[in-house]
Amino acid sequence: VPPRVWDRAAAWFVRTQLADGSFTYQPGTRPREVRYSMAVAASGSLRILRANLHGVSSQTAPAGAKKKTETVGLLERVALEGNDGDAEGSQKNKGASRNQNYSPKVSRRSLDTAIRKTESWMDSQFMIEQPTGFPMYLLYSLERAGALSGLTTIGGYDWYEDGLTYLEKSQQPDGSWNSRARPIGATSFAL
């Protein structure tokens, strides 16, 4: 992915974040359209953008949040190699090396601030027992945000254990899960 694409996405997230750190389902809608799942998904996205533009940081957790000691959840960047002088592979390598000289327009500080604001908002609004909208999407987003951030608690709650409890209680007798996303979508997010 070209760095300018990461940069444009980062600019969009920073621009569409509400003042309190939350996000709406569709930017420009009224604040009453704020969705917890959108803030959780944005947290993961902001961390991916930050890692791709400025590297990984462990300094963006909300005050009082517990973090894991090791970081998991990010894919590693690999250098492309051509096969036996494969021209296409070597051309891709040249493009990858040019990207290292890219200077992002969205600063590290802007992304770190956006991450802190979002995760502080998540901390103050934590919900899992009665998730609204698409509960399995919320749980999937919590897992991704937790894996990317290393956070083991949100709002003083063990999001992983609470999510597991919710999944256990809501699993159907046939092994699937159901929600507004229907069984196939809900089960995919649950797994």
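Predicted model: local features only at pLDDT ≥ 70, side-chain atom pairs only at ≥ 80, totals over all residues.

Colleague: Fine. At what angle do α1 and α2 pack, and how far apart are their axes?

Modeller: The angle is about 140°, and the axes are 10 Å apart. Helix α2 covers residues 36-54.

Colleague: What do you call that orientation of α1 and α2?

Modeller: Oblique. Only angles over 145 degrees count as roughly antiparallel, so α1 and α2 are oblique to each other. Their crossing is left-handed.

Colleague: Which residues make the contact?

Modeller: From α1, Pro3, Trp6, Asp7, Ala9, Ala10 and Phe13. From α2, Ala42, Ser45, Leu46, Ile48, Leu49, Asn52 and Leu53.

Colleague: How does the contact of α1 with α2 divide by class?

Modeller: 10 nonpolar, 2 polar and 1 charged.

Colleague: Which residues of α1 are buried?

Modeller: Pro3, Trp6, Asp7, Ala10, Phe13 and Thr16. An α-helix has 3.6 residues a turn, so residues three or four places apart point the same way.

Colleague: What span should α1 have, and what does the model give?

Modeller: Its 14 residues, 3-16, should span 20 Å at 1.5 Å a residue. The end C-alpha atoms are 20 Å apart, so the two agree.

Colleague: Next pair. How do α5 and α6 pack?

Modeller: At about 150°, with the axes 10 Å apart. Helix α5 is residues 135-149 and helix α6 is residues 159-170. That angle is over 145 degrees, so α5 and α6 are roughly antiparallel. The crossing of α5 and α6 is left-handed.

Colleague: Which residues of α5 and α6 meet?

Modeller: In α5, Pro135, Met136, Leu139, Leu142, Glu143 and Gly146. In α6, Trp159, Gly163, Tyr166, Leu167 and Ser170. By class, that contact has 7 nonpolar, 3 polar and 1 charged residues.

Colleague: Switching topic. Where is Arg108?

Modeller: In helix α4, residues 108-125.

Colleague: What does Arg108 touch?

Modeller: Arg50 and His54, leaving out residues up to four places away in sequence.

Conventions:
Residues numbered from 1 in each chain as written. Heavy atoms only, no water. Helix = DSSP H or I, 4+ residues; strand = E, 2+ residues; numbered from the N terminus. Expected span 1.5 Å × (residues − 1). Buried < 20%, exposed > 50% of the residue type's maximum accessible area, 1.4 Å probe, protein only. Contact = heavy atoms within 4.5 Å. Axes fitted to C-alpha atoms, helices over the stretch in contact; angles between N-to-C directions. Parallel < 35°, antiparallel > 145°, perpendicular 65-115°, else oblique. Left-handed = near helix turned anticlockwise from the far one by under 90°. Nonpolar A, V, L, I, M, F, W, Y, C, P; charged D, E, K, R; others polar.
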